Every structure is written in structure tokens, then in C-alpha cells.
Amino acid sequence: MKRNLTIANVGAGLSVLLLLAGEPQFPAQDEATHLRVTVNLVQLNVAVTDSKGNYISGLKPENFEITEDKIPQRIGTFEEGNGPAIHPGESNEAQSSNGSAGAGLDAGPATSGGAEDATPGKISGAEMASAMAGANIFILFDTSNYMYRGFVYAQDAISDFVRSMDSASQIAFYSYSRDLSRATILTADRYRVVNGVRSTVAGDDAALYNSLLMTVKDAAVLTGRKAIVVFSNGPDNASSVPPEDVAELAQDTGTIIYIVSTRLAQDDPVSAAAFERVSRATGGKAYFAGNWRKEKEAFSSIQEDLSHLYSVSYYPQANPNRGWRSISVKLVGPGVEKYHIRTRDGYRLLPQTQINTGADLATGGGASVDQQ
């Protein structure tokens, strides 16, 4: 499938540093403002748990060893949960004077070769802190005719999830049946999001993967942790794209996907297997909740997962590989070898194409993002 989004090394889980300002709009495509941007910061979201599944907190940058295609990488920024981002390579005094890490997102031109191709350009620690704070959460709700019986219960579970999210996080609410509806664009206003949830009505056929792909594209231009939480009744009978395309673009853009299915895995094994593949490839999870209590438990688990993620970023070292780049994250230090890590295992450099996303969530206009 021809990709409509081009970002240099955005596949690294990176994003364009665009600070959210005001309520964005979705103008007609012919009115869109085109923007050429290139970035080369790789961001990983890492969950660390013990053998019982309990989250491990308090780890430091020196506890993480990252390689890309077996090439050791140097951590540029490090953040635990919703805590402040720190820059391991900068002195404590410099970080304190900036109010956070004085890390440098490289804003200069770059090619797909990585950091060695970039023209140096630094941003302030305050800008980095703003970009890294909280998380951008997209909720994608199945309003197809598959959801009729449990529609109200699903709305209740999603509304409770929205209210539970930390105030530092911004949330967007989308729904889908045959088409995608962007009911509420990214906002910190929980009332507005819940109102969007309550305003949904049941539709017809389900085009989950088409809608999920468009949601990944909306998230691609954002900085920091970004996740998509899908609430689905399972089957997809109207999409033109396979789940593999969705998983690949989410990997390339550093977007975590969580999927909550109202059907038990054994009730719809084809969809269940696809949900497992997509979520696992992006560092997320798939849940199969057969009743409203299990649905609420699934959303609570996702909220806890997001609040415990370590966000680790780096500039890739020189690497001639222009295809799939394998990422390995290991823990080092006394006693950490017994812990388990969950994160994505790589990314693919996106080919050069030209498109308009139709929705720039940061500036209120459409953005065409090109790889150099």
C-alpha cells in the first residue's frame, strides 16, 4: 500500500516538535498548509515488570542499554512516567537552570542516515519539557452494528477511562463504523472528551484497520509518548488495508496501540490473532473482555501501563541500513536481570513520498511531512 506520510527517521518513534496551541481544526485539504520537516530522534516507550507483572519504578538512564542493529546508542533524554525529562549527557547544574533537561532535539536538516547527517540546532530545556510532558492519547471507539448490545456499557467504560487519565495528558476521541469520525480533537478538557463519547451513535459496517491507520497518521506528527486505545467488538468487514500495514506504520512512528475487544479470543480467533500481533509489535497490549467489569479492568490496566512507561530517546549512530533497523533494549546493573521489558523491537525508514495528512493536530492546518 502506498504510504501517504513521509518523515525522515520518524520511523524511529520520533516526532516533529510542534507545540499544541489552541483547539485545532480540520480544514479542507485544498486549504492545507504544507510543511516540510525532518527529525532524527528515536523515542522508545519501555515497560519494565517483575515476574508477577508488577511495574518496576526508580530505574535510571544508566540501567538501560540500547543497541540499534547491534550498534550501541547513547541516551539523549530519559523520563519515567509523567516525571520531568532529564538529559543524561548534561550536568545537573545545567538541567536545574533550564528547569528540566537541556536536551537537544535536532531541529536542523537531516537525512535518513541518522544523527551524523544533521545540522546542529538545539532547543531549550523548557521546550523539551513541554514536548515530553504527559502523553497524547487517541481513543478509537467501535460504533459499528457489531457493538449494538453493549453500546451503553462501552460508553461508560470509556468515560471512566477518560476521567482517570492524568491531567498532564491530552486525549482525542474518535469513533468508527464504515468511516472515521474525529469527534474530539486532542484536548486536556475531560468534559469535552466525555461529551464526545456520550454523543456517539451506532453505525453500520466496521472498517477498523482503515480507521486505525488514519489515527496512526494523525498521531505521527506529535512529540513524546503517544498511544492509541481501541475499543472494538472484533470483526472488521469493510477495511481495504490489512492489520500488518497498521502495525508497521505504528512501529515506524513510535505509536503504542492497545486494543480492548468485547469478544473473548476464542469467540473470534482471526481478529484476536490480529489484535495480538498489532499491539505486541508496537509495545502495547491486547485485552479480551467478555463483560463490562472486564472492560473497566482493561482500561484501568492501560491507564496504569501508560503511567509507568519509561520514555527513552537517542540519536542513531552512523548506520548505512536504510531498511528495517532492529532495536534491542537491555537492563544492566545489580538485580535488574530478573525484570522483563516490553517495547517495540525496531522500525523501518519510510520511503520518500509526498502527501497531505488532512489533519495537523498541532497547528490547526493540514501538514505535508517530507523525508529528505
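Modeller: Helices H3 and H8 cross in a right-handed way (the near helix is turned clockwise from the far one by less than a right angle). This is a predicted model, where local features need pLDDT of at least 70, side-chain atom pairs need 80 or more, and totals for chains, interfaces and linings use all residues. Residues are numbered from 1 along each chain, and side-chain values use heavy atoms, without hydrogens and water.

H3 covers residues 151-164 and H8 covers residues 292-308 (helices are DSSP runs of H or I, at least four residues, numbered from the N terminus). Their axes come within 9 Å and cross at roughly 25° (lines fitted to C-alpha atoms over the stretch in contact; angles run from 0 to 180 degrees between N-to-C directions). H3 and H8 are therefore roughly parallel (angles under 35 degrees).

Now the contact itself (heavy atoms within 4.5 Å). H3 brings Tyr153, Ala154, Asp156, Ala157, Ile158, Asp160, Phe161 and Ser164. H8 brings Trp292, Glu295, Lys296, Phe299, Ile302 and Gln303. Sort these residues by class, and you get eight nonpolar, two polar and four charged. Here Ala, Val, Leu, Ile, Met, Phe, Trp, Tyr, Cys and Pro count as nonpolar, Asp, Glu, Lys and Arg as charged, and the others, Gly among them, as polar.

Tyr153 and Phe161 of H3 belong to the contact. So do Trp292 and Phe299 of H8. Among the charged residues there are Asp156 and Asp160 on H3, with Glu295 and Lys296 on H8.

Notes. Helix = DSSP H or I, 4+ residues; strand = E, 2+ residues; numbered from the N terminus. Parallel < 35°, antiparallel > 145°, perpendicular 65-115°, else oblique.
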